[in-house]
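Hi,

Here is the structure I promised to send you. Have a look at it first, and then read my notes below.

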Amino acid sequence: MRQFIQCIAEQNHHQTTHLLKMLREIQSRYHYIPGDAIEQLSGLLNIPRTQIISVVEFYSFFHLSPRGQYELLISDSITDHMLGKKDLFDYLAKSLNVTVGEVRKDGLVSLDNASCTGMCDQGPAGLVNGYALTRLDRSVCDQIAALINQQKPLEEWPSELFQVADNIYQPGLLLNQQLEQGDALKAVFRRGTKETLAELDKSGLRGRGGAGFKTATKWKFCSEEPQPERYVVCNADEGEPGTFKDRVLLNSYADQIFEGMTVCAAIIGAKQGFLYLRGEYLHLHDKLQAILQHRRQNGLLGNNILDTNLNFDIEICLGAGAYICGEESALIESLEGKAGIPRNRPPYPVTQGYLGKPTVVNNVETFLAATGIAVNGGEWFASIGTEKSKGTKILSICGDCARPGIYEYPFGVNVQTILNDCGAVDVLGVQIGGPSGTFITNQELDRKLAFEDLATGGSFIIFNSSRDILDMVQNFTHFFAHESCGFCTPCRVGTSLLRKQLDKIVGGHGSAGDIVELEATCQLIKNHSHCGLGQTAANPILSTLERYPEMYHGLTRNISFDPGFDLDGALETARRLANRDDAGAHLAQTESEHE
Amino acid sequence: MTNKIRVATTSLAGCFGCHMSFLDIDERMLQLVEVVEFDRSPLTDIEHCSNCDIGLIEGGVCNSENVHVLREFRANCKILVAVGACAINGGLPAMRNHIPLEECLNEAYLDGIGVENPQIPSDIELPLLLDQVRPIHEVVKIDYFLPGCPPSADVFWKFLTDLIDGREPSLPYELVHYD
């Protein structure tokens, strides 16, 4: 092991910024991060071992104790549940003879949950040693169990297990573009960088991650910073449950995305770019590396791009299973090899980003749009959409519909039109923008997708009337409690309180006071959290409490209070040890029973 | 029969530190007893609660007796208040929550150094321990929370005088600021 660690430290030039990469390699080889490896790495990188441990503990894909040689993770997104995840999960646990969250005695296999793996249109989905599995059913599970028990190396598994489909059903302005490598860069050099920025400004393009900051303004601010060392970062940490458009864009439009990043570099004067790829999309990594290499060979990356004085290259950095790293400042922390804890803003990344230097962070789709605008000009984009939301939006549509997949619409489209196109009937409601977004009921289907009405990063989950809204609310609330980075108390403690309080009410142990309490906790988290995660973590409860108050009140009991746990059961150990079973050794669950 | 406001207090899984801090209101106690009469409390030695206006609970819930006392207070007090860190979060006694109860009892009564005649106590008179120490709001409905370990005498004073004067109690920042 010593030699292996030594070797990866050298390969990474002893840079702590590459800590995640090194840990990924160690995890992948040993199926955990051994204490000795931490000790040795801390010496080689000259950082405290506690710093390494804090990173290991932060990311879901790193472990301090061994996982199975085959580490199976099954996506726990609501969309996977709607496709039968629970039944399948139990089946898999049974057929592999493994307890969820544990390693089988022979060390061969472990099974656990993962947050949404971004395969919502082809679930139930999972990961085996980081590689995506799709369309799982019982027969596929049988196959997987057999392969594992035969100890077949992953490379020899049938490739159809790892098939990931694009499912583009409705291409539009961006997805229909046929561009050659270099088209956008040639247009920029022909037109001039200042003029291209002016076109981008004219296009009205706003960030596609959800927040909607005007892209030209961001690039302009960055280019005006006095500090000459600048960076371009493409945020491909697509973790919002229900979102998978970036996966499709990177699979089929990567050249245009890298070109968009290079256009940005030309405009802001950056020499280095990063693609921060979520760990769940490991299957795309080699393909993307090959595309980068191809671009280098064609003079589109590296020194003197297209024989100009532009020098720029792109590095791919893989995440390790942390939703919060989709927040731009947390993403930058992660790029620097640290736990993904959001920074205080301001200063914003455009002034102090990666390594404290001016940095543009944009969504995958934003760079794709920028490429199109660089070629076709601002008017091409601005002529579509609404007054404040120009152009088109690429949606990841999933849930209860006939054709889940990728759809591109001009901004301003109404929800009903989308539902008609994807074949959704008997709709109860739609979750727009993922768990952190908004739930709308079937009474609101004339609302429009646009920054003026329903803003979205692209997640669009449809629920039909056979679904229980509370399953969704519970799933989302558990998701946030799991993904809270733990930095600020309102979010760290608050999301867990929400989870417990909601489970109590849904479990039939609630009284009227519990709902008041639930809402008060929601407001507290919303108003006092450090970043967007906490500020939106209560949205699933708040938006459904507002729309379906009677549903929540219908769950409560007409009593003063019921503990949310089994009170008499809590005495079981003591009863057994004291060998008692008299009346005094028992407790009634509620006061009324007691009196 | 007086028209005084009736207050009851008790300590569950606590250290009586909150009660001591309450007594630190010092001579203001004389002002208080002009308008307040104490019901069940370590200060009066009254064993059971009768109808009260305010109940102050120190400490978390660690055993079955705590549950009974807490319920007696809830049934008799119009306003029930969680006083101090242990009542609010479980506090120090809740540090045992990370260790299974059986291990705790084995260490204390069977395997610990210097234990003679090792046996787990078993008597109908003894309350049984819950597997986890709980904050009191997980067992009954609580109306107000006084933070602090302990809450300062001024916190008690401000809170009680607010209630007695018919104001919604509110604690200014200085009283809940600890560093």
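Below is what I found, taken one topic at a time. Please keep in mind that this is a predicted model.

Let's start with two helices of chain A. Helix H9 covers residues 193-203 and helix H12 covers residues 254-268; their axes come within 9 Å and cross at roughly 120 degrees. Angles of 65 to 115 degrees count as roughly perpendicular and those over 145 as roughly antiparallel, so H9(A) and H12(A) are oblique to each other. Their crossing is left-handed. On the H9(A) side, the contact is made by A:Thr193, A:Thr196 and A:Leu197, while H12(A) brings A:Val263, A:Ala266 and A:Ile267. Sorted by class, the residues of this contact are 4 nonpolar and 2 polar, with no charged ones.

Next, find A:Lys214, which sits in the loop between H9 and helix H10 (215-223) of chain A.

Finally, look at where the two chains meet. Chain B and chain A each put 21 residues into the contact. On the side of chain B, helix H3 (64-76), helix H5 (101-111) and strand E6 (129-134) each give two or more residues. H3(B) gives the most, with 5 residues. That side of chain B has 12 nonpolar, 3 polar and 6 charged residues.

Enjoy exploring!

Terms used. Residues are numbered from 1 along each chain as its sequence is written. Chains are lettered from A and ligands numbered from 1 in the order in which they are written. This is a predicted model: local features need pLDDT of at least 70, side-chain atom pairs count only at pLDDT 80 or more; totals for chains, interfaces and linings use all residues. Axes are lines fitted to C-alpha atoms, for helices over the stretch in contact, and angles run from 0 to 180 degrees between N-to-C directions. Helices (H or I, at least four residues) and strands (E, at least two) are DSSP runs, numbered from the N terminus. Angles under 35 degrees count as roughly parallel, over 145 as roughly antiparallel, 65 to 115 as roughly perpendicular and the rest as oblique. A crossing is left-handed if the near helix is turned anticlockwise from the far one by less than a right angle, and right-handed if clockwise. Two residues are in contact if their C-beta atoms, placed from the backbone, lie within 7 Å. Ala, Val, Leu, Ile, Met, Phe, Trp, Tyr, Cys and Pro count as nonpolar, Asp, Glu, Lys and Arg as charged, and the others, Gly among them, as polar.
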